[in-house]
Amino acid sequence: MTDAATIRAQLPATPRELVQGCQDELIAGLMEYVSHPSVSATGEGFPAATDVAVEEVKRAGLTPSVLVGKGRPLVVGHRAGPAGAPHVLLYGHYDVQPAGPRERWDSEPFTPVLRDGRIWGRGTGDNKGQHYAHLQALRLFDEHIGALPCTVTVLLDGEEEIGSPTLADTLRAHRDLFDCDLVVWSDRSVHESGEWCVSHGVRGMLQLRIGATGPSRPLHSGNFGNVAPNPAWQLVQALASLKDPSGRVLVEGFDDGREPLSDADRAAFAALPLNLQEVLGDIGLTEMDPAFNGLSFYERLADRPTLTINGITTGDVDRTIIPDTAEAGVDIRLTAGQDPQTVFERVAAHLRAHAPEVTVTMVGGVPASRTSIDNPHTPRVARAISRVTGRDPLLIPAYGGTLPDWVFTGILGVPSIGLPLANADQANHAPNENLRVDYFLDATAICMELLLELGA
Ligand SMILES: [Zn+2]
């Protein structure tokens, strides 16, 4: 089979020119794809949505398969490349968020329109436009060469928007299909500055409920005050035991296992554009949390776990009662190296020692994930971007948020690199979701360059 260098030489034009030459067809194809609802949360559009994704995978020249587990099916496409070329797994998701209230949209969410250089519709940016760019890159190789520069498996998740509850089990059950050298996932957005970026990790998350139970019903605080213990007091004292007033977490071993940022990570963070006063002004603040003074904005997000009280439910602020129950939602964002189960056990042990009257349960846990920024693939991904855009992308060591990236680094045990392909103001999950056409076309060319670079 033909190698990547020969394929590049045989292409009738550069990827960018090839994409520009068929841009009307690409835009029309994406609009058609977006017109099929695929709402995992409600089931709207399923099961037909899976068939639609299968058709797109076939059209890209891949052999499709559908993996049916407990949740909504995963759609997989595979095509072998030249012998010895790397095997790349391209991850995206074909499900979308619910449209939300129709009156908040300027046009029908599932009847995409082209206006002001953008395609508007639910799923344009998150995530159909992004994996459609990869599929069209594959299709262009098929059309012009009849071969790919490397071996490709496309994995389209059917329930990313509800947290991919069965992705890990399905990957484990079909481990042989995903015997890849590298994962490239395309989701989220390019940097707020508009610069393209390459990312290397996410924080994990541990979600907890901490609760206390008092009398069998809410009581008159005069008739029963000093008689019945108050679960609200028990809860706030339990919560207060977790952190001292300076913000230091008091759970023993809370930070254990944390993999610190490397010098290369710190340098990459320092190179990211950031207008801190603007970011803070936008959320009505002038200063960052003093508990983390000495750490930069990005170090706070990527290099340190959090311990956050999300909300407290108890009693009634307008009635003089002793509540019968009190409950808090708490989340802990984990950095690389921290395991949700271990951290949960440490918090539970702390509460047993300091507040034995409360209960704590683990609602969910997602491990963190990080790929070294010094891995050999990142320069190739970066070059794919600069070949199309003429600019070097920003390198992001890790995001503060959480994605199920650990299934790739943890279960498959391979590097996982994020290549976001949508504009930062895509309004994903919100009304008037959109994808800028210039980003979509460049993205398609970048996806072609990516395979040429990885195969070279
Ligand atoms: Zn989403």
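Biologist: Hi! Which side chain makes a polar contact with the side chain of His 191?

Modeller: That would be Ser 193, with the two side chains 2.8 Å apart in a polar contact. The term means a pair of N or O atoms within 3.5 Å; within protein, one must be able to donate a hydrogen and the other to accept it, and residues adjacent in sequence count only if both atoms are side-chain atoms.

Biologist: Before I go on, where do these values come from?

Modeller: This is a predicted model, where local features need pLDDT of at least 70 and side-chain atom pairs count only at pLDDT 80 or more, while totals for chains, interfaces and linings use all residues. Residues are numbered from 1 along each chain as its sequence is written, and side-chain values use heavy atoms, with hydrogens and water left out.

Biologist: Good. Is His 191 buried or exposed?

Modeller: Its relative accessible area is 7%, so His 191 is buried. Buried is under 20% relative accessible area, exposed is over 50%, and partly exposed is in between, using a 1.4 Å probe and protein chains only.

Biologist: And what is His 191 in contact with, leaving aside neighbours within four places in sequence?

Modeller: Cys 197, Pro 273, Tyr 298, Leu 394 and Ala 424. Contact here means heavy atoms within 4.5 Å.

Biologist: Where does His 191 sit, and where is Ser 189?

Modeller: His 191 is in the loop between S7 and S8. Ser 189 is placed in the loop between strand S7 (182-185) and strand S8 (197-199). Helices (H or I, at least four residues) and strands (E, at least two) are DSSP runs, numbered from the N terminus.

Biologist: What does the side chain of Ser 189 make a polar contact with?

Modeller: The side chain of Gln 426, at 2.7 Å. Ser 189 also touches other residues beyond four places away in sequence, including Cys 197, Tyr 399 and Ala 424. At 17% relative accessibility, Ser 189 counts as buried.

Biologist: Switching topic: which peptide bonds are cis?

Modeller: One of them runs from Phe 46 to Pro 47, with omega near 5 degrees. Pro 47 lies in the loop between helix H3 (23-34) and helix H4 (48-59). Another joins Asp 126 and Asn 127, with omega about 10 degrees, and Asn 127 is found in helix H5 (residues 124-144). For context, most peptide bonds are trans, and most residues other than glycine have a negative phi.

Biologist: What about phi at Asp 116 and Ser 164?

Modeller: Asp 116 has a positive phi near 55 degrees, and Ser 164 has a positive phi of about 45 degrees, although neither is a glycine. Asp 116 is exposed, with a relative accessible area of 65%, whereas Ser 164 is buried at 8%.

Biologist: How do strands S1 and S2 run?

Modeller: Strand S1 (residues 63-67) and strand S2 (residues 74-79) run antiparallel, joined by five bridges. They form a hairpin with six residues between them, and Pro 64 has Gly 77 in S2 as its bridge partner. Two strands pair if DSSP finds at least two bridges between them.

Biologist: Last one: how many residues of H15 are buried?

Modeller: 18 of its 19 residues, which leaves H15 mostly covered. Across the protein, buried residues make up 53% of the 456 residues.
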